[in-house]
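Give the cut-offs along with the values.

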Amino acid sequence: MYVLDTNVLSALAHKRPNPKVVDWVGNLRAPIAIPFSAVFEIQRGISMLRPKDAPRAASLAKWLKSLLESDVVFLAMDAPVAQLYADMTLVPALQDLWVPCKNARKPGQDLAIAATAIAHRAVVASMNTKDFVRIDRYFRLRGLFNPDCGKWDIPLASARRSSGPQTHKREQQRWHHRPLPRQRSRLFPVCPRFSFSQASRATTENLAAM
């Protein structure tokens, strides 16, 4: 399962969506999950935009609603995630990732996203990976993939145990193309008529026409 960072979701919501991310989502066979912190960041951005550009904010709100009603998995802040997140905030080298500085426009969510991914044994998908690489030094991620450049900045945990490059490639291909689970997540109701890729593609096409 891939846990999507906010910037990956935002790349789908632009007036000109990132074609690499759109293709990656459309061709991916592994399950996709949206963490609570990404929903928080997106909703906060929509609410801040509303007084300045109400039509655009309304379109983005519709886009977010369509994604959450698709077959995407929503990962809540449950007890294991909260406990791990608490431990992360106690690491001095990671403090700037959750305590905003004076010039910060918003509190960071990378620690929360990483905690969610680790607790659910999922890979993080992000287009800005440097902070997750830093987190991995203290709390081991299962993997870190950048869909914008198609690069694994942190190899899959199963591939790390082998030193052979062929093993890395084989494991990563298997992860990308594993069959989707038949059972729907109990954490969030899903709409059986729309897949995540269909919902994101349809809504981004509408946003691009604005």
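Q: At roughly what angle do the axes of helix H1 and helix H2 cross?
A: This is a predicted model, in which local features need pLDDT of at least 70, side-chain atom pairs count only at pLDDT 80 or more, and totals for chains, interfaces and linings use all residues. Residues are numbered from 1 along each chain as its sequence is written, and side-chain values use heavy atoms, without hydrogens and water. Helices (H or I, at least four residues) and strands (E, at least two) are DSSP runs numbered from the N terminus, and axes are lines fitted to C-alpha atoms, for helices over the stretch in contact, with angles from 0 to 180 degrees between N-to-C directions. The axes of H1 (residues 6–13) and H2 (residues 19–27) come within 9 Å and cross at roughly 105 degrees.

Q: How are H1 and H2 oriented to each other?
A: Angles under 35 degrees count as roughly parallel, over 145 as roughly antiparallel, 65 to 115 as roughly perpendicular and the rest as oblique. The crossing angle is roughly 105 degrees. H1 and H2 are therefore roughly perpendicular.

Q: Which residues of H2 does H1 meet?
A: Contact means heavy atoms within 4.5 Å. From H1, Val8, Ala11 and Leu12 take part, and they meet Val21, Val22, Trp24 and Val25 in H2.

Q: Is valine 21 buried or exposed?
A: Valine 21 lies in helix H2 and touches Val8, Ala11, Leu12, Met127 and Pro147, leaving aside residues up to four places away in sequence. Buried means under 20% relative accessible area, exposed over 50%, and partly exposed in between (1.4 Å probe, protein chains only). Because its relative accessible area is 0%, valine 21 is buried.

Q: How are H3 and H4 oriented to each other?
A: The axes of H3 (residues 36–49) and H4 (residues 54–68) come within 8 Å and cross at roughly 160 degrees. H3 and H4 are therefore roughly antiparallel.

Q: What percentage of the residues in the protein is buried?
A: The protein has 10 helices and six strands. Of its 210 residues, the buried share is 45%.
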